[in-house]
Amino acid sequence: MNTGLTTRSLLLEQLYDRDSCTYTYLLIDPETNEGAIIDPVWEHFDRDLQIISERGIELLYSIETHAHADHVTSGGKLRQMTGAKIVFGENAGIQSIDISIKHNQELKLGNFTIRAIFTPGHTSACTSYYIDGMVFTGDALLIRGCGRTDFQDGDPGQLFDSITQKLFKLDDETKVYPAHDYNGRIGSTIGQEKRWNLRLGNNRPRQEFVELMNNLNLDMPKKINEAVPANMSCGINFNPKRYVLDDISMDDLHHIWQQLSEDTLIVDNRTPEEFASGHIPGSCNMPMGTESQHLDTLKQYKKVYIHCRSGRRSQTVFTNLNLLGIDHLACVCHSGMPDWIKAGYKVEMAPV
Ligand SMILES: [Fe+2]
């Protein structure tokens, strides 16, 4: 829709892990304050969460370019605290993800669109992401280099094709942001890499590249034995158990509330401030991200009904609680308090 207004530029925060020389990127639409994080690192979970909460970012996605061998992702923990959906390229074989993204599939981020570009070769399931004149290339294309191809089903010929036939087809002005740089550089452009990339710039022939990559004789990354298995479950030792989502409406919930018995609990997953401004009388506030603190309380009830504002947070809480072994839940997934209020049902206020 053309509103006639100029769209403000996407904001980019480039964050760094000194140990593994990994870049983490935070993308924010300044108008909607919706955000996405790319390749978050386990050790910097607190730093990243602090930035997200300071700025009031609604984190929609935690995106991985691939299953890293040199660090563990904090994607699983970020999902638990923010409700962000974990995005991984399809074929990665990763457990517990939310969006298994296909080549050319798009994700909405406020006024912007993130497009997945399947770029295998460093691993067999590497994916780059294009948004607003920038491409996040993971370990496929690095600044003046490229990712190694000697483990995790890497294939130099495939990497050559991914870079030359997909990434090098983007506009020369496209900014390149890789997952690593070991020499202090922070970005490049497609035009610069086509010309000056040391491994495949200046139209290096495919066979020469394959021979070069097959003779690098690099040491294995020091964290490979812990990082790859941990990243296969998004950084959390999930025991993915199957669960059945019991999806109810706010009208159903009102009916339950009218005849509430002592062994039934209604839980509100919004923030304390939202809860204080109007909630279902007798309901209990359990903001998303605090699930593990309430397990003893929840176990005292035969049935627990959870809801929030739109259903998005409750759905995440439902998943998190299932993973923590709580399964006597019903969830309002497609509605929330605004519909309760609109229906004229009774509301209680509380001081913040
Ligand atoms: Fe990698």
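**Ground rules**

I am working from a predicted model, where local features need pLDDT of at least 70 and side-chain atom pairs count only at pLDDT 80 or more, while totals for chains, interfaces and linings use all residues. I number residues from 1 along each chain as its sequence is written.

**Confidence**

I checked pLDDT, the predictor's confidence in each residue, from 0 to 100. The protein averages 89, and 93% of the residues score at least 70. Two stretches stay under 50. Residues 1–6 are one of them, with 0 contacts beyond four places in sequence. Residues 238–243 also stay under 50, but there the model has 9 such contacts. By contact I mean two residues whose C-beta atoms, placed from the backbone, lie within 7 Å. Where pLDDT is low, the predicted coordinates should not be read in detail.

**Overall layout**

I put a box along the principal axes, and the C-alpha atoms fill roughly 75 × 50 × 30 Å. I find 11 helices and 19 strands. These are DSSP runs numbered from the N terminus: helices are H or I with at least four residues, strands are E with at least two. Of the contacts with a separation of 6 or more, 64% come from residues 24 or more positions apart.

Next, the domains. The protein is divided into domain 1 (11–231) and domain 2 (247–342), with bounds that come from an automatic or database domain assignment. The C-alpha centres of the two domains lie 36 Å apart.

In what order do the 6 strands of the open sheet run? I read 7-8-9-10-13-14, with mixed pairing. Strand 7 (106–109) and strand 14 (188–189) are the edges, each pairing on one side only. Two strands pair if DSSP finds at least two bridges between them.

I walked along from strand 7. Strand 7 runs antiparallel to strand 8 (residues 112–118), joined by 4 bridges, and Leu107 stands opposite Ile114 in strand 8. Strands 7 and 8 make a hairpin with 2 residues between them, and Gly110 in the turn has a positive phi of about 60°. Strand 8 then pairs with strand 9 in the antiparallel sense over 4 bridges; here Arg115 has Tyr130 as its bridge partner. Strand 9 (residues 127–131) and strand 10 (residues 134–138) are antiparallel too, with 3 bridges. Tyr130 turns up again, with Val135 in strand 10 as its bridge partner.

**Cores**

I looked for nonpolar cores, meaning sets of buried Ala, Val, Leu, Ile, Met, Phe, Trp, Tyr and Cys residues joined through C-beta atoms within 7 Å. The largest has 53 residues, and Leu27, Ala36, Tyr129 and Ile163 touch the most other members. Strand 2 (residues 22–28) gives the most to this core, with 5 residues. A second, separate core of 21 residues includes Ile280, Val304, Tyr305 and Val332. In soluble globular proteins, nonpolar side chains tend to be buried together.

Which residues does Leu27 touch, not counting residues up to four places away in sequence? I list Leu10, Leu12, Gly35, Ala36, Leu109 and Ile131.

**Helix 3**

I noted the buried residues of helix 3: Pro156, Gln158, Leu159, Phe160, Ser162 and Ile163. Their cover includes strand 11 (141–142), strand 12 (145–146) and helix 5 (206–213). Asp161 is found in helix 3 (residues 156–165). Asp161 is partly exposed because it has 15 other C-beta atoms within 10 Å.

**Two positive phi values**

Asp39 is not a glycine, yet phi is near 55° and positive. I place Asp39 in the loop between strand 3 (34–38) and helix 1 (45–54).

Asn202 also has a positive phi of about 55° without being a glycine. It lies in the loop between helix 4 (190–196) and helix 5.

Buried or exposed: how do Asp39 and Asn202 count? Asp39 counts as buried because it has 26 C-beta neighbours inside 10 Å, whereas Asn202 counts as exposed, with 9.

Key:
A residue is buried if 20 or more other C-beta atoms lie within 10 Å of its own, exposed if 12 or fewer, and partly exposed in between; C-beta atoms are placed from the backbone.
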